[in-house]
Amino acid sequence: MMGRNFKLVFVLVVAMAVLLEGSRVLGLCNMSDEGLASCKPAVAKATPEKPNPDKPTPECCEALKGADLKCLCGYKNSFLLPSLGIDPALAMALPAKCNLTPPADC
């Protein structure tokens, strides 16, 4: 369950980048706007045109490795994710897909 919450937090970070698309996004939890954007395809909600998410890119996983995971966990209960096209379940799965372990208290 802890890993699941961390993934949701990560998705929120990506969602923030999407929300601010078109303008420069300030880094969040030690992730750059490029890192956030690189993870978006891996956590996007399914659509009829794209029913399956992409695998996280090496750039996404590298950005996640450098992120402050405890900081990202602080966003785990956001209600914004679904409204921004982010699938919370996919977000929660992202660290494991990048072979990362979330903080124990997340």
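Which exposed residues does the face of helix 3 turned away from its buried side carry? I found P58, E59, E62 and K65 there, where exposed stands for over 50% relative accessible area, buried for under 20% and partly exposed for the range in between, with a 1.4 Å probe and protein chains only. I took helices as DSSP runs of H or I with at least four residues, and strands as runs of E with at least two, numbered from the N terminus.

I noted that this is a predicted model, in which local features need pLDDT of at least 70 and side-chain atom pairs count only at pLDDT 80 or more, while totals for chains, interfaces and linings use all residues. Residues are numbered from 1 along each chain as its sequence is written, and side-chain values use heavy atoms, with hydrogens and water left out.

I then listed the buried residues of helix 3, which spans residues 58-65, as C60, C61, A63 and L64. They lie on the same side of helix 3 because they cover an arc of only 160° around the axis, the arc being that of the directions from the helix axis to the C-beta atoms.

For the whole protein I counted six helices and zero strands, and buried residues make up 46% of its 106 residues. Of the contacts (heavy atoms within 4.5 Å) between residues at least 6 apart in sequence, 82% join residues at least 24 apart.

Lastly I looked up L72 in helix 4, residues 69-73, and found L72 buried with a relative accessible area of 0%. L72 and N30 are 42 residues apart in sequence, yet their C-alpha atoms are 9.3 Å apart in space.
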